[in-house]
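Here is a short tour of one protein model, meant to be read with the structure open beside you.

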Amino acid sequence: MAAGWITALKLVPWRDVIEATPQVLAAAKKLMGATRAGHGAAGSDTAAGTPASLAATPETALRQWQDRVARLEQEQQASAVLIQSLAEQNAQVVQAVEALRKRSQRLTAAVAVLGVLGAGLLIQVLRQ
C-alpha cells in the first residue's frame, strides 16, 4: 500500500505545484481584498420566485432584496476568507512535502551507501 502512495507522489509535478503556490496565494489575497472593498456582483440578478417577487409592496421588496444582497456579501466575504486560509495552508503543505521529498532522497542515498558498504563487508568476510 505504501508503494502506491509513493508512486502517486512521484506522479505529481511538485516543481510546478511549488512554483504555482505563490500565485494561488496572491490570487486568494486579491479576492479577499476585492470582497472587502465591496466589488462583488453576486445577487444582482432578479428571478421569478425570489423574495422580491413575493412581496406585497415595492418597499418590502426592496428591503428583502437589500437583506438578500447583504447576506450574499457576507457569504462571499466568508468564502474569500476560507479560500485565503486554504491557499495559505496549501502553501504550507507544499513546503512540508518538498522538505519530506528532500529528506527521502537523502535517506535513500544513505541506505544505498550503507547497502554498498554492507555488501563490501560481506564479500570481504566471505573471502576470508
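How many salt bridges does the structure hold? This is a predicted model, and the structure holds one salt bridge. The two partners are Glu 98 and Arg 101, whose side chains meet at 2.4 Å, N to O. Both residues lie in helix H4, three residues apart, which is about one turn of the helix.

Arg 101, with a relative accessible area of 30%, is partly exposed.

**Around helix H4**

Let us now look at the helix that carries this pair. Helix H4 covers residues 58–127, which makes 70 residues. At 1.5 Å a residue it should span 104 Å, and its end C-alpha atoms are 100 Å apart, so the two values agree. The buried residues of H4 are Ala 61, Trp 65, Ala 80, Gln 84, Ala 87, Ala 91, Val 94 and Glu 98.

What does Glu 98 touch, not counting residues up to four places away in sequence? Its contacts of this kind are Trp 14 and Ile 18. Gln 84, also found in helix H4, has its own set of partners: leaving aside neighbours within four places in sequence, Gln 84 is in contact with Leu 25, Ala 28, Lys 29 and Met 32. With a relative accessibility of 18%, Gln 84 counts as buried.

Leu 117 is in helix H4, and its relative accessible area of 56% makes it exposed, because the exposed class begins over 50%.

| Residue | Relative accessibility | Class |
|---|---|---|
| Glu 98 | 15% | buried |
| Gln 84 | 18% | buried |
| Arg 101 | 30% | partly exposed |
| Leu 117 | 56% | exposed |

**The chain as a whole**

Stepping back, the protein chain has four helices and zero strands, and from the N terminus on its elements run α-α-α-α. Of the 128 residues in the protein chain, 13% are buried. The accessible surface of the chain comes to about 10000 Å², and carbon and sulfur atoms account for 63% of that area. Among the chain's contacts with a separation of 6 or more, 70% are between residues 24 or more positions apart.

**How confident is the prediction?**

The mean pLDDT of the protein chain is 78, and 75% of its residues reach 70 or more. Which element has the lowest mean pLDDT, and which the highest? Helix H3, residues 51–54, has the lowest at 54, whereas H4 has the highest at 90. Over residues 39–49, pLDDT stays under 50, and the model has eleven contacts beyond four places in sequence for this stretch. The salt bridge between Glu 98 and Arg 101, by comparison, sits in helix H4, the element with the highest mean pLDDT.

Note on methods. Residues numbered from 1 in each chain as written. Predicted model: local features only at pLDDT ≥ 70, side-chain atom pairs only at ≥ 80, totals over all residues. Heavy atoms only, no water. Helix = DSSP H or I, 4+ residues; strand = E, 2+ residues; numbered from the N terminus. Expected span 1.5 Å × (residues − 1). Buried < 20%, exposed > 50% of the residue type's maximum accessible area, 1.4 Å probe, protein only. Salt bridge = Lys/Arg side-chain N within 4 Å of Asp/Glu carboxyl O. Contact = heavy atoms within 4.5 Å. Areas by Shrake-Rupley, 256 points an atom, 1.4 Å probe, with all protein chains shown as cover. pLDDT = per-residue confidence, 0-100.
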